Amino acid sequence: MEPIVLAYIGTALMIAVPGVCSGIALAMCGNATTGAVKKNPAGFGNCLILSAVPSSNGLYGFIGFYLTLGILGPEMDWLTAAAILAGGLILGFVSGICCIKQADICSNGIAAVGSGQNALGNTLILAAFPEFFAILSLLAVILINGAIS
């Protein structure tokens with residue numbers, strides 16, 4: 001096996017896991033919005049905002065993937081390939097799990113909006129906590145890329 005294969009696995013994880021998890025998270029929030037709007041149609045705007053929050057994690061995966069593309073090459077050594085794989089694992093799984101947990105928070109906020117409560121601001125604050133760790137995972141990939149390029 002060539003080192004580039006290991007690097008491609010890392011880049012695939014970097015974009016696929018957060019992308020899939022963002023899709024799942026958006027579906028979770030969309031389902032919650034559908035139920036909430038049945039109870040409180042006036043709350044659709046707040047529900048829409050909360051539904052979109054987990055989509056940022058898929059974007060982080062794409063950013064990490066894009067930044068890593070410039071490093072890939074046929075003469076890559078094993079250490080560089082392992083660093084890219086590590087970055088893919090870090091960004092993929094941390095961002096993906098944070099995304100699903102963020103959807104849990106947002107879905108509960110959406111349910112509260114459906115019950116007539118003004119929960120948008122509080123839910124956004126709470127959803128920012130898992131977002132912070134997803135951002136840190138992107139930062140880790142940026143630092144790894146800086147160290148190996």
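These legends accompany close-up views of a predicted model.

**Figure 1. Overview of the predicted chain, built from helices.** The secondary structure amounts to five helices and zero strands, and reading along the sequence gives the pattern α-α-α-α-α. Taken along the principal axes, the box filled by the C-alpha atoms is roughly 60 × 20 × 20 Å. The chain has 149 residues, of which 45% count as buried, and its accessible surface comes to about 7,400 Å², with 73% of that area belonging to carbon and sulfur atoms. Among the contacts in the chain with a separation of 6 or more, 88% are accounted for by residues 24 or more positions apart.

**Figure 2. The packing of helix α1 against helix α4.** Helix α1, which covers residues 3–39, packs with α4 at an angle of about 0 degrees, and the two axes are 7 Å apart. Because angles under 35 degrees count as roughly parallel, α1 and α4 are described as roughly parallel to each other. Sorted by class, the contact of α1 with α4 has 28 nonpolar residues, eleven polar residues and two charged residues.

**Figure 3. The packing of helix α4 against helix α5.** The axes of α4 and α5 come within 9 Å of each other and cross at roughly 175 degrees. Angles over 145 degrees count as roughly antiparallel, and α4 and α5 are therefore roughly antiparallel to each other. The contact of α4 with α5 has, by class, 20 nonpolar, seven polar and one charged residues.

**Figure 4. The packing of helix α2 against helix α5.** Helix α2, made of residues 44–52, packs with α5 at an angle of about 0 degrees, with 11 Å between the axes, and α2 and α5 are therefore roughly parallel to each other. On the α2 side the contact is made by Asn-46, Ile-49 and Leu-50, and on the α5 side by Leu-120, Thr-123 and Leu-124. By class, the residues of the contact of α2 with α5 divide into four nonpolar, two polar and no charged.

**Figure 5. The salt bridge between Asp-104 and Lys-101 in helix α4.** A search of the whole structure finds one salt bridge, in which the side chains of Asp-104 and Lys-101 meet at 3.1 Å, N to O. Both residues belong to helix α4, which covers residues 78–114, and because Asp-104 and Lys-101 are three residues apart there, they are separated by about one helical turn. Asp-104 counts as partly exposed, with a relative accessibility of 29%, and Lys-101 also counts as partly exposed, at 46%.

Figure 6. When neighbours within four places in sequence are left aside, Cys-106 is in contact with Cys-29, Leu-50, Val-53, Pro-54, Thr-123 and Ala-127. Of these partners, Leu-50 and Thr-123 also take part in the contact between α2 and α5. Ser-56 lies 50 residues from Cys-106 along the chain, and the C-alpha atoms of the two are separated by 13 Å.

**Figure 7. Asn-145 and Leu-143 in helix α5.** Helix α5 covers residues 120–148 and includes Asn-145, while Leu-143 also has its place in α5. Asn-145 is buried, with a relative accessible area of 7%, whereas Leu-143 is exposed, with a relative accessible area of 56%. Not counting residues up to four places away in sequence, Asn-145 touches Gly-64, Leu-67, Thr-68 and Ile-71. Leu-143 and Gly-87 are 56 residues apart in sequence, and their C-alpha atoms are 9.3 Å apart in space.

**Figure 8. Ala-12 in helix α1 and its separation from Ala-140.** Ala-12 has its place in helix α1 and counts as partly exposed, with a relative accessibility of 40%. Along the chain, Ala-12 and Ala-140 are 128 residues apart, and their C-alpha atoms are separated by 17 Å.

Note on methods:
Residues are numbered from 1 along each chain as its sequence is written. This is a predicted model: local features need pLDDT of at least 70, side-chain atom pairs count only at pLDDT 80 or more; totals for chains, interfaces and linings use all residues. Side-chain values use heavy atoms; hydrogens and water are left out. Helices (H or I, at least four residues) and strands (E, at least two) are DSSP runs, numbered from the N terminus. Buried means under 20% relative accessible area, exposed over 50%, partly exposed in between (1.4 Å probe, protein chains only). Contact means heavy atoms within 4.5 Å. Accessible areas come from the Shrake-Rupley method with a 1.4 Å probe; for residues, only the protein chains shown count as cover. A salt bridge is a side-chain nitrogen of Lys or Arg within 4 Å of a carboxyl oxygen of Asp or Glu. Axes are lines fitted to C-alpha atoms, for helices over the stretch in contact, and angles run from 0 to 180 degrees between N-to-C directions. Angles under 35 degrees count as roughly parallel, over 145 as roughly antiparallel, 65 to 115 as roughly perpendicular and the rest as oblique. Ala, Val, Leu, Ile, Met, Phe, Trp, Tyr, Cys and Pro count as nonpolar, Asp, Glu, Lys and Arg as charged, and the others, Gly among them, as polar.
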